[in-house]
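Subject: Structure handover

Hello,

Here is the structure you asked about, with the sequence alongside. My notes follow below it.

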Amino acid sequence: MKYYDEFVNWLNKHLSKDIPTNILAINFNLYESSEQTYDIQMTGSDEFDEEDEDWACNTVFSTDEDLFVISRTDDISEWWQGLIFISALVQKYLESGMYAEKLKSYKAVGIGFVDGDIDILYRSN
């Protein structure tokens, strides 16, 4: 899968660090850059309410300006194509990534463009 190895390296770098213990959920914020890229930021929130997507706005952890960048190509030129593609990267990591269990220890893992809806990719039992 294109970009997966680089995404894994970026995600492992951040997940290997100490993350505040009060985090309840992780979100992958997506941005459409003027540079024709999709930029990904991982954040953690001490709130989670699936009925109120503002939970992701209460950020207590973030990769800040260390964004993972994916160039737009013909097959992911539309925002929804980018969302599907990046969601697949995160899903694959949740299945087999080095720190997948750490991600799954939170109530939820979400993904979405900062000005749009959040899709929940993982919910804890």
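Asp-64 is partly exposed, because its relative accessible area is 48%, between the 20% limit for buried and the 50% limit for exposed. This is a predicted model, so please read everything here as computed from it. Asp-64 sits in the loop between strand 3 (59-62) and strand 4. Its phi is positive, about 50 degrees, although Asp-64 is not a glycine. Gln-36 also has a positive phi without being a glycine, in its case near 60 degrees. That residue belongs to the loop between strand 1 and strand 2.

Two buried polar positions

His-14 is part of helix 1, which covers residues 4-15. Its relative accessibility is 6%, so His-14 counts as buried. The His-14 side chain makes a polar contact of 2.8 Å with the side chain of Asp-66. Leaving out residues up to four places away in sequence, His-14 touches Ile-19, Met-42 and Thr-63 as well as Asp-66.

Asn-27 is located in strand 1. With a relative accessible area of 2%, Asn-27 is buried because that value is under 20%. The side chain of Asn-27 has a polar contact with the side chain of Asn-29, at 2.8 Å. A polar atom of the Asn-27 side chain also lies 3.2 Å from the backbone nitrogen of Ile-111. Beyond four places in sequence, the residues touching Asn-27 include Gln-41, Met-42, Thr-43, Trp-55 and Gly-110. Asn-27 and Leu-103 are separated by 76 residues in sequence, with their C-alpha atoms 10 Å apart in space.

In soluble globular proteins, nonpolar side chains tend to be buried together. In this model the largest nonpolar core has 32 residues, and Phe-7, Leu-11, Phe-28, Ile-40 and Ile-70 have the most contacts inside it. Two or more residues of this core come from each of helix 1, strand 1, strand 2 (37-45), strand 4 (68-71), helix 2 and strand 5. Helix 2 gives the largest share, seven residues. Ile-70 is in contact with residues including Tyr-3, Tyr-38, Ile-40, Ile-76, Phe-85, Ile-86 and Leu-89, neighbours within four places in sequence aside. There is also a second, separate core of six residues, among them Ala-25, Ala-108, Ile-118 and Ile-120.

Pockets

The volume of the largest pocket is about 170 Å³. Its lining consists of Asn-27, Asn-29, Glu-53, Asp-54, Ala-56, Cys-57, Gly-112, Phe-113, Val-114, Gly-116 and Ile-118. At least two of the lining residues come from strand 1 (25-32), and at least two from strand 5 (108-113). By class, five residues of this lining are nonpolar, four polar and two charged.

The second largest pocket has a volume of about 150 Å³. Glu-32, Trp-79, Leu-83, Gly-112, Phe-113, Asp-115, Gly-116, Asp-117 and Asp-119 form its lining. Helix 2 (79-96) and strand 5 each give two or more residues to this lining. Its residues divide into three nonpolar, two polar and four charged.

Regards

Conventions. Residues numbered from 1 in each chain as written. Predicted model: local features only at pLDDT ≥ 70, side-chain atom pairs only at ≥ 80, totals over all residues. Heavy atoms only, no water. Helix = DSSP H or I, 4+ residues; strand = E, 2+ residues; numbered from the N terminus. Buried < 20%, exposed > 50% of the residue type's maximum accessible area, 1.4 Å probe, protein only. Polar contact = N/O pair within 3.5 Å; in protein donor to acceptor, adjacent residues only side chain to side chain. Contact = heavy atoms within 4.5 Å. 1 Å grid on protein atoms, 1.4 Å probe; cavity = no way out; pocket = protein on both sides within 12 Å on 5 of 7 lines; lining within 4 Å. Points joined across faces, edges and corners; volume = space filled by probe spheres on them. Nonpolar A, V, L, I, M, F, W, Y, C, P; charged D, E, K, R; others polar. Core = buried A, V, L, I, M, F, W, Y, C linked by side-chain atoms within 4.5 Å.
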